[in-house]
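Visitor: I have a fold on the screen and want to learn how to read it. Where do we start?

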Amino acid sequence: MFYIHCPYCDEHREEEEFHPRGQAHLARPADPENCSDEEWGDYLFFRDNARGIYHELWVHSIGCRKFFNITRNTASYEILETYRMGERPAVTAESLADKQKQSGVQAADAGWQTVGARPETVALNESSESRSRVNKEESV
Ligand SMILES: [Zn+2]
């Protein structure tokens, strides 16, 4: 059980009160009658499948029943922020990559490997490496 902050209720509520509704910030084609089948198909069916920072539409279905957006790290499941409809996210993949550059941390590619990674995750990776080293030594 974990809690999600609803920006309308301004409270942390149990996860079971919420439902995800897919990718956020999808713009409907301005003139659907005159867009190509490919453009319309992209709008209806195709979604990003990002590893790392992802903006999702959620609904507080057992609560205020309002839609809002969540910025989430799909690699660590960490929820970085929630914000109301019509607002812009404070956290984006680009803003985190900029922050890491300013602080002198080298971000690999777009930074998805290190963005939002919890210290435990890093520690687990390090210990599994050292464990494999131990296994190699034992086999010799
Ligand atoms: Zn709510």
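Guide: Start with pairing. Two strands pair if DSSP finds at least two bridges between them. Strands (E, at least two residues) and helices (H or I, at least four) are DSSP runs, numbered from the N terminus. Here Ile70 stands opposite Thr82 in S6.

Visitor: What kind of model is this, and how are residues numbered?

Guide: Numbering starts from 1 along each chain, as its sequence is written. The model is predicted: local features need pLDDT of at least 70, side-chain atom pairs count only at pLDDT 80 or more, and totals for chains, interfaces and linings use all residues.

Visitor: Which elements does the protein chain have, and in what order do they run?

Guide: The protein chain has six strands and three helices. From the N terminus on, the order is β-β-β-α-β-β-β-α-α.

Visitor: Which strands form the open sheet?

Guide: Four strands do, in the order S3-S4-S5-S6, with antiparallel pairing. S3 (19–23) and S6 are the edge strands, as each pairs on one side only. Neighbouring strands of this sheet are turned by 30° against each other on average, direction ignored. For such angles, axes are lines fitted to C-alpha atoms, for helices over the stretch in contact, and angles run from 0 to 180 degrees between N-to-C directions.

Visitor: How many bridges join each pair of strands?

Guide: Walk across the sheet. Three bridges join S3 to S4, and Pro20 has Trp58 in S4 as its bridge partner. Seven bridges join S4 (residues 53–59) to S5. Glu56 stands opposite Ile70 there. Five bridges join S5 to S6 (residues 79–84), where Asn69 stands opposite Tyr83.

Visitor: Are the strands buried or exposed?

Guide: Count neighbours. A residue is buried if 20 or more other C-beta atoms lie within 10 Å of its own, exposed if 12 or fewer, and partly exposed in between; C-beta atoms are placed from the backbone. In S5 (residues 67–73), six of the seven residues are buried, so S5 is largely enclosed by the rest of the structure. In S3, the number buried is zero of five residues, so S3 lies largely in the open. Of the 140 residues of the protein chain, 14% count as buried.

Visitor: Which residues form the largest nonpolar core?

Guide: A nonpolar core is a set of buried Ala, Val, Leu, Ile, Met, Phe, Trp, Tyr and Cys residues joined through C-beta atoms within 7 Å. The largest one has five residues: Cys6, Phe18, Trp58, Phe68 and Ile70.

Visitor: What does Cys6 touch?

Guide: Contact means C-beta atoms, placed from the backbone, within 7 Å. Leaving out residues up to four places away in sequence, Cys6 touches Glu11, Arg13, His60, Gly63, Cys64, Phe68 and Thr82.

Visitor: Where is Met85, and why does it count as exposed?

Guide: Met85 sits in the loop between S6 and helix H2 (93–102). Met85 counts as exposed because it has 12 C-beta neighbours inside 10 Å. Met85 and Phe68 are 17 residues apart in sequence and 5.2 Å apart in space, C-alpha to C-alpha.

Definitions and conventions
Two residues are in contact if their C-beta atoms, placed from the backbone, lie within 7 Å.
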